[in-house]
Amino acid sequence: MRMTEYIQPELLILIPVLYLIGYAIKKTSLISSRFIPLILGVIGIILCIVYEVTTWNFNLFAAITQGILCAGASTYANQIYKQLVKK
């Protein structure tokens, strides 16, 4: 299975964007690490809603789903990096 079967190809850019946002939040130490996935989920949903509105194709369910999937993929990428590279 390819990621584009679940995440719209034009929204794949959100995965590295959310990864970098999560990295920045982690480095600030202002917010507990356990809240980062939740924050990324909210940011992902908001960015997907903005995308849906700007393309005149507003679908709230699709925006929420895509935002959660992008945030999940970003968190997954972070965990792969931690498990394979950092050890």
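This is a predicted model: local features need pLDDT of at least 70, side-chain atom pairs count only at pLDDT 80 or more; totals for chains, interfaces and linings use all residues.
View 1. Three helices contribute to the lining: α1, α2 and α3 each supply at least two residues.

**View 2. Helix α3, residues 60-84.** The helix has 25 residues. At 1.5 Å a residue, α3 should span 36 Å.

**View 3. The start of α3.** Asn59 and Phe61 meet here. A side-chain oxygen of Asn59 comes within 3.2 Å of the backbone nitrogen of Phe61.

**View 4. The buried residues of α3.** Ala62, Ala63, Gln66 and Gly67 are buried. Cys70, Ala71, Ala73 and Ser74 are buried as well. Their cover includes α1 (14-28) and α2 (36-54).

**View 5. Cys48 and Cys70.** Which cysteine sulfur is closest to that of Cys48? It is the sulfur of Cys70, 4.8 Å away. Seen from Cys70, the closest cysteine sulfur is that of Cys48. A disulfide needs the two sulfur atoms within 2.5 Å, so at 4.8 Å this pair is too far apart for a bond. By this rule the model has zero disulfides. Are the two residues buried or exposed? Cys48 counts as buried, at 1% relative accessibility. Cys70 is also buried, with a relative accessible area of 0%.

Key:
Residues are numbered from 1 along each chain as its sequence is written. Side-chain values use heavy atoms; hydrogens and water are left out. Buried means under 20% relative accessible area, exposed over 50%, partly exposed in between (1.4 Å probe, protein chains only). Helices (H or I, at least four residues) and strands (E, at least two) are DSSP runs, numbered from the N terminus. The expected span of a helix is 1.5 Å times one less than its number of residues. Contact means heavy atoms within 4.5 Å. A polar contact is a pair of N or O atoms within 3.5 Å; within protein, one must be able to donate a hydrogen and the other to accept it, and residues adjacent in sequence count only if both atoms are side-chain atoms.
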